[in-house]
Amino acid sequence: MEEIVTTGMSSFAGIGIGLAVIGAGLGIGKIGGSAVEGIARQPDAAGQIQTAMIIAAALIEGATFFAIIMAFIAG
Amino acid sequence: MNFDDKAAQAEAEADHADHVDDDAVKTSHDDHGHDHDDHSHDEHDHSHSEAGHDHTHDAHSADAHSVEKPDTMNGQLQVNMDHYLDMPHLMAHVQDSTFVETPAFMGLEHTDDDGHTHSGFGIPNIFGVTQPLIGTPEKPFLTGRLTKFVAIELVVAILMFVIFYWLGQKIKSGKKPKGKIWNALESMVVFIRDEVARPAIGKKDTDRFLPFILTTFFFVLGLNLFGMIPGFGSATGSIAVTGVLALFVFAVVVGSGIKKMGFVQFLKAQVPTMDLPPILKAILVPLIFVIEIFGMLVKHFVLAVRLFANMFAGHLVLAIFVAFIGVAAGTGLYYAVAPIAVLGSIAFSCLELFVAFLQAYIFAFLASLFIGSAQHAH
């Protein structure tokens with residue numbers, strides 16, 4: 001049987017990173033959905049809605065990246 | 001044997017004497033993520049592999065045949081992965097260093113203080129630092145030596161001064177903006193003033209804080225963009241740099257709040273006024289006060305961490321993308337993985353460009369938000 005290729009990282013770090021990304025995906029997905037819905041209701045406000053969406057997504061991503069980096073370092 | 005290599009490959013190998021180091025692993029791996037042009041050159045560099053190969057043999061023949069080539073593809077993959085997807089090695093590409101790495105074809109060589117040789121040029125030790133300022137030589141905490149990130153910060157600061165002094169003179173002359181650079185700069189400055197600072201701080205007080213917010217925005221933007229240049233990195237990828245920037249924001253927020261209201265009143269302003277019976281007030285007000293103070297500290301800390309993590313993680317992922325080329329080297333997978341990795345790293349770099357602007361904007365936006373909330377009591 002051929003050897004399995006392994007990385008030097010522990011699998012717990014991988015699980016942690018996956019969980020963090022699940023949280024980010026859900027959160028940013030919800031933001032994107034609400035933003036698109038808002039634009040559909042009021043196309044005039046598209047610019048402001050888009051700006052607010054990007055800001056909220058960046059804030060969530062900040063927390064996610066924090067979790068990912070900690071998982072990298074600890075894993 | 002199939003490989004295309006550069007002399008830098010041998011350079012990087014000599015750097016990691018404890019890693020497997022042999023002909024089968026020689027690939028086009030070089031700078032992670034900062035060398036797109038070079039990787040596209042690599043596709044055409046097969047013809048140069050002989051010349052490059054001879055050079056590497058001459059320079060590092062001692063390491064050339066230290067390990068046998070593994071039999072199976074998985075064995076070769078494992079060997080490559082241990083060498084290239086080695087976390088300290090990857091992080092060293094994203095973190096601060098005392099030299100700027102250049103592609104091997106430029107032929108520069110540099111030996112750093114530890115005796116390792118790299119392809120690149122070193123940042124001169126202008127203060128002549130031999131002993132760390134804080135910490136021991138084994139575990140230095142603050143060396144005081146001029147490093148790549150500090151040099152980049154100085155370059156960005158000088159560039160900013162030159163560009164905005166020029167812009168200031170143009171504005172002072174009172175003429176209408178003409179030409180691309182003038183219009184672009186002025187539109188960015190006006191954007192920060194009208195869309196970021198004024199809504200958050202209010203029309204009256206903005207002019208006092210506008211220089212600080214503009215400086216923060218353009219400084220962070222400049223540092224982020226320097227990370228797109230091959231060989232250099234983004235200095236905001238270091239928690240020390242972003243920590244100090246957030247510390248300055250904290251100082252401005254608290255300082256301006258105290259100056260406006262006085263120290264005691266500033267503390268009192270953290271807790272919103274509530275109509276409560278005295279017994280509830282005695283319990284809730286200290287509680288809310290502690291939460292608000294803690295919240296203020298955490299908000300500024302997260303400001304630093306957000307910027308740091310975005311830049312660091314972005315460049316680390318880019319490094320991993322490009323490391324995949326090295327991982328697939330010497331196996332049949334290489335011809336599938338290498339083009340995809342090059343295209344993927346180009347696409348990811350476009351995302352990195354967007355993130356550079358976005359994170360600078362977010363930093364300035366949150367800074368103005370915090371300043372605004374400190375100026376107007378709850």
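**View 1. Helix 2 of chain A and its covering helices.** Helix 1 (11-41) of chain A, together with helix 11 (278-327) and helix 12 of chain B, is included in what covers the buried residues of helix 2 of chain A; helices here are DSSP runs of H or I with at least four residues, strands are runs of E with at least two, and both are numbered from the N terminus. The model is predicted, so that local features need pLDDT of at least 70 and side-chain atom pairs count only at pLDDT 80 or more, while totals for chains, interfaces and linings use all residues. Residues are numbered from 1 along each chain as its sequence is written, and chains are lettered from A and ligands numbered from 1 in the order in which they are written. The buried residues of helix 2 of chain A are A:A58, A:E61, A:G62, A:T64, A:F65, A:I68, A:I69 and A:A71, where a residue is buried if 20 or more other C-beta atoms, placed from the backbone, lie within 10 Å of its own, exposed if 12 or fewer do, and partly exposed in between. Helix 2 (residues 46-74) of chain A has 29 residues and should span 42 Å at 1.5 Å a residue, which agrees with the 42 Å between its end C-alpha atoms; the expected span is 1.5 Å times one less than the number of residues.

**View 2. A:A24 in helix 1 of chain A.** A:A24 is found in helix 1 of chain A, and is partly exposed because 19 other C-beta atoms lie within 10 Å. When residues up to four places away in sequence are not counted, A:A24 touches A:I60, A:E61 and A:T64, two residues being in contact if their C-beta atoms, placed from the backbone, lie within 7 Å. A:A24 and A:F65 are 41 residues apart in sequence, and their C-alpha atoms are 9.3 Å apart in space.

**View 3. The side of chain A that touches chain B.** In this contact, 14 residues of chain A meet 21 residues of chain B. On the side of chain A, the residues divide into eight nonpolar, three polar and three charged, with Ala, Val, Leu, Ile, Met, Phe, Trp, Tyr, Cys and Pro counted as nonpolar, Asp, Glu, Lys and Arg as charged, and the others, Gly among them, as polar.

**View 4. Helix 9 of chain B beside helix 12 of chain B.** The axes of helix 9 (residues 239-261) and helix 12 (residues 334-375) of chain B come within 9 Å and cross at roughly 20 degrees; axes are lines fitted to C-alpha atoms, for helices over the stretch in contact, and angles run from 0 to 180 degrees between N-to-C directions. Helix 9 of chain B is therefore roughly parallel to helix 12 of chain B, a description that applies to angles under 35 degrees. In helix 9 of chain B, the residues B:V249, B:V252, B:V253, B:S256, B:G257 and B:K260 meet B:A367, B:F370, B:I371, B:A374 and B:Q375 in helix 12 of chain B. This contact of helix 9 with helix 12 of chain B comprises seven nonpolar, three polar and one charged residues.

**View 5. Helix 9 of chain B against helix 11 of chain B.** The axes of helices 9 and 11 of chain B come within 8 Å and cross at roughly 145 degrees. From helix 9 of chain B, B:I239, B:T242, B:G243, B:L245, B:A246, B:V249 and B:F250 meet B:H300, B:F301, B:L303, B:A304, B:L307 and B:F308 of helix 11 of chain B. By class, the contact of helix 9 with helix 11 of chain B holds 10 nonpolar, three polar and no charged residues.

**View 6. B:A338 in helix 12 of chain B.** B:A338 lies in helix 12 of chain B and counts as buried because it has 22 C-beta neighbours inside 10 Å. Leaving aside neighbours within four places in sequence, B:A338 is in contact with B:I325 and B:A328. The C-alpha atoms of B:A338 and B:F324, which are 14 residues apart in sequence, are 7.7 Å apart in space.

**View 7. B:F99 in strand 1 of chain B.** B:F99 has its place in strand 1 (residues 99-101) of chain B, and its 20 C-beta neighbours inside 10 Å are why B:F99 counts as buried. Apart from residues up to four places away in sequence, B:F99 touches B:H110, B:D112, B:H118, B:G120, B:F121, B:G122 and B:I123.

Definitions and conventions:
Parallel < 35°, antiparallel > 145°, perpendicular 65-115°, else oblique.
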